[in-house]
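Subject: Structure for you to look at

Hello,

Here is the structure you will be working with. Please open it beside this email and follow the residues as they come up.

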Amino acid sequence: MPHMPWIRLYVEFATDPVIQSLSFEDQRHYILVLCLKGQNVLDRDIPTANRERLIARTLGLDPEAAREAKRRLMEVKLIEKDWQPRGWNNRQFDSDHSTPRVSKYRKTKKAGNVAAPFLKRRETVTETDQNRTEQNRNPPPSKSP
């Protein structure tokens with residue numbers, strides 16, 4: 001999957017019992033793991049020791065504290081042994097990334113195979129029309145004889 005400039009975070013995060021069982025620090029660590037996944041850091045072909053060091057640094061932890069955070073996140077089944085977030089593909093979609101879609105559109109447009117989009121103009125309300133509408137809503141008081 002290409003680098004994602006953002007990740008989907010569902011509102012259930014705030015009330016999910018598994019997330020709520022974590023400390024605030026581990027909730028933040030999990031969010032940072034999701035960000036690393038979205039940036040393809042977790043998918044890079046680098047030696048495991050380098051990956052662990054990079055992840056620990058991103059989490060703001062020393063290597064031992066990072067191993068402990070990893071254990072806690074694995075214990076509640078939020079991540080795999082290689083730090084991969086569980087259920088990632090169920091929540092993050094290729095269609096969320098617009099670059100391939102836009103590139104394809106531009107290529108097709110350059111070839112002249114795209115119809116111009118139909119733009120509907122909005123009607124302009126004139127001041128006179130507004131005055132008439134206001135007068136109809138608020139008729140002047142009738143004069144008594």
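Below are some notes on one helix, its neighbours and a few single residues.

This is a predicted model, in which local features need pLDDT of at least 70 and side-chain atom pairs count only at pLDDT 80 or more, while totals for chains, interfaces and linings use all residues. Residues are numbered from 1 along each chain as its sequence is written, and side-chain values use heavy atoms, with hydrogens and water left out.

At the start of H4, a side-chain oxygen of Asp-62 comes to within 3.0 Å of the backbone nitrogen of Glu-64.

Which residues of H4 are buried? They are Ala-66, Ala-69, Lys-70 and Leu-73. Buried means under 20% relative accessible area, exposed over 50%, and partly exposed in between, with a 1.4 Å probe and protein chains only. These four sit on the same side of H4, because they cover an arc of only 105 degrees around the axis, taken from the directions from the helix axis to the C-beta atoms. An α-helix has 3.6 residues a turn, so residues three or four places apart point the same way.

The buried residues of H4 pack against helix H2 (24-38) and helix H3 (48-59). The axes of H2 and H4, which are lines fitted to C-alpha atoms over the stretch in contact, come within 10 Å and cross at roughly 90 degrees. That makes H2 roughly perpendicular to H4, a term for angles of 65 to 115 degrees on a scale from 0 to 180 between N-to-C directions. Here Asp-26, His-29, Tyr-30 and Val-33 in H2 meet Ala-69, Arg-72 and Leu-73 in H4.

In H3 you will find Leu-54, which is partly exposed at 29% relative accessible area. Leaving aside neighbours within four places in sequence, Leu-54 is in contact (heavy atoms within 4.5 Å) with Leu-36 and Val-41.

Finally, look at the loop between H4 and helix H5 (88-91), where Lys-77 is found. Lys-77 has a positive phi of about 60 degrees although it is not a glycine, and it is exposed, at 54%. Trp-83 lies in the loop between H4 and H5 as well. Trp-83 is not a glycine either, yet has a positive phi of about 75 degrees, and Trp-83 is buried at 0% relative accessibility.

Regards

Terms used. Helix = DSSP H or I, 4+ residues; strand = E, 2+ residues; numbered from the N terminus. Polar contact = N/O pair within 3.5 Å; in protein donor to acceptor, adjacent residues only side chain to side chain. Parallel < 35°, antiparallel > 145°, perpendicular 65-115°, else oblique.
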